[in-house]
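Biologist: I'm new to this one. Can you walk me through it?

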Amino acid sequence: MSLSKEQKSLVINELEIGNRIELKCDDYEISLRIQRHKMKLVVGVFVDGTVKGCWCTKSNQYPEAKYLAPYFVNKYKPSFKNKLLKLYGKRKAYQEYPDLDDKHEYRLPYFSNVTKAINHLIKVSHSIELLGEMAA
């Protein structure tokens, strides 16, 4: 079961107002709320009421980590990659550095905006339903 269009817009509106939202995603209780991170407002994600640091760094070992926001960082800087390609040529550069296009993945317990958070939860969950008085 997934969220209907009306429920999705209701969740987005409630979060933008500043209310806390409770969702049931694949037997996990996910709570979303607006919180401050450094000098900006973000949408915090809590799985069964907690966030563990090991979910952020070792996300492939923990199934709960799929609800956190994914971020990717290139292993090599684009400027370094461009210099290698210019110096060696494409074929030689990829022979010397076979991992030239690799990326590191890490996860953070917050999203930059409400729509990204809801769309990510809908995408990674097999079943999602709204909990609380808004569900009716």
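Biologist: Let's start with the strands. How many bridges pair S2 and S3, and in which sense?
Modeller: S2 and S3 pair over 8 bridges, in the antiparallel sense. Keep in mind that this is a predicted model.

Biologist: What stands opposite Leu32?
Modeller: Val45, in S3, stands opposite Leu32.

Biologist: And the sheet, what order do its strands have?
Modeller: The order is S6-S3-S2-S1-S7. It is an open sheet of 5 strands with antiparallel pairing.

Biologist: Which strands stand at the edges?
Modeller: Strand S6 (110-111) and S7 do. Each has a single partner strand, so one side of each is left without a neighbour in the sheet.

Biologist: What lies across S1, S2, S3, S6 and S7?
Modeller: H5 lies across those strands. H5 runs at about 160° to S2.

Biologist: Let's stay in S2 a moment. Ser31: buried or exposed?
Modeller: Buried, because its relative accessibility is 4%, under the 20% cut-off. Ser31 is found in strand S2. Leaving aside neighbours within four places in sequence, Ser31 is in contact with Arg20, Ile21, Glu22, Gly44, Val45 and Phe46.

Biologist: Phe46 again, then. Which residue lies over the face of Phe46?
Modeller: Arg33 does, at 4.2 Å from the ring centre.

Biologist: On to the core. Which residues touch the most other members of the largest nonpolar core?
Modeller: Leu15, Leu23, Ile30, Leu32 and Tyr67. That core has 27 residues. Among the elements giving two or more residues to it are helix H1 (5-17), strand S1 (21-25) and helix H2 (53-57). The largest share comes from H5, with 5 residues.

Biologist: Why would such side chains sit together?
Modeller: In soluble globular proteins, nonpolar side chains tend to be buried together.

Biologist: Rings next. How many aromatic pairs are there in the whole structure?
Modeller: A search finds 5. One of them is Tyr28 with Tyr67, an edge-to-face pair. The rings are 5.7 Å centre to centre, with 65° between the planes.

Biologist: What does the pair tie together?
Modeller: Parts that are 39 residues apart in sequence, because Tyr28 lies in strand S2 and Tyr67 in the loop between H2 and strand S4 (69-74). Tyr28 counts as buried, at 19% relative accessibility.

Biologist: Which other tyrosines form an edge-to-face pair?
Modeller: Tyr76 and Tyr97 form one, at 5.7 Å centre to centre and 80° between the planes. The pair links distant parts of the chain, 21 residues apart. Tyr76 is in the loop between S4 and helix H3 (78-88). Tyr97 is in the loop between helix H4 (90-96) and strand S5 (103-108).

Biologist: Which cluster do ring pairs link there?
Modeller: They link Tyr76, Phe80 and Tyr97. Tyr97 is partly exposed, with a relative accessible area of 26%.

Biologist: Last topic. Where is Glu105, and what is it in contact with?
Modeller: Glu105 is in strand S5. Leaving aside neighbours within four places in sequence, Glu105 is in contact with Ser59, Pro70, Tyr71 and Phe72. At 34% relative accessibility, Glu105 counts as partly exposed.

Biologist: How far apart are Glu105 and Asn60?
Modeller: They are 45 residues apart in sequence and 9.7 Å apart in space, C-alpha to C-alpha.

Key. Residues numbered from 1 in each chain as written. Predicted model: local features only at pLDDT ≥ 70, side-chain atom pairs only at ≥ 80, totals over all residues. Heavy atoms only, no water. Core = buried A, V, L, I, M, F, W, Y, C linked by side-chain atoms within 4.5 Å. Buried < 20%, exposed > 50% of the residue type's maximum accessible area, 1.4 Å probe, protein only. Helix = DSSP H or I, 4+ residues; strand = E, 2+ residues; numbered from the N terminus. Phe/Tyr/Trp six-rings, centres within 6.5 Å; stacked < 30°, edge-to-face > 60°. Lys NZ or Arg CZ within 6 Å of the ring centre and 35° of its normal. Pairing = 2+ DSSP bridges. Contact = heavy atoms within 4.5 Å. Axes fitted to C-alpha atoms, helices over the stretch in contact; angles between N-to-C directions.
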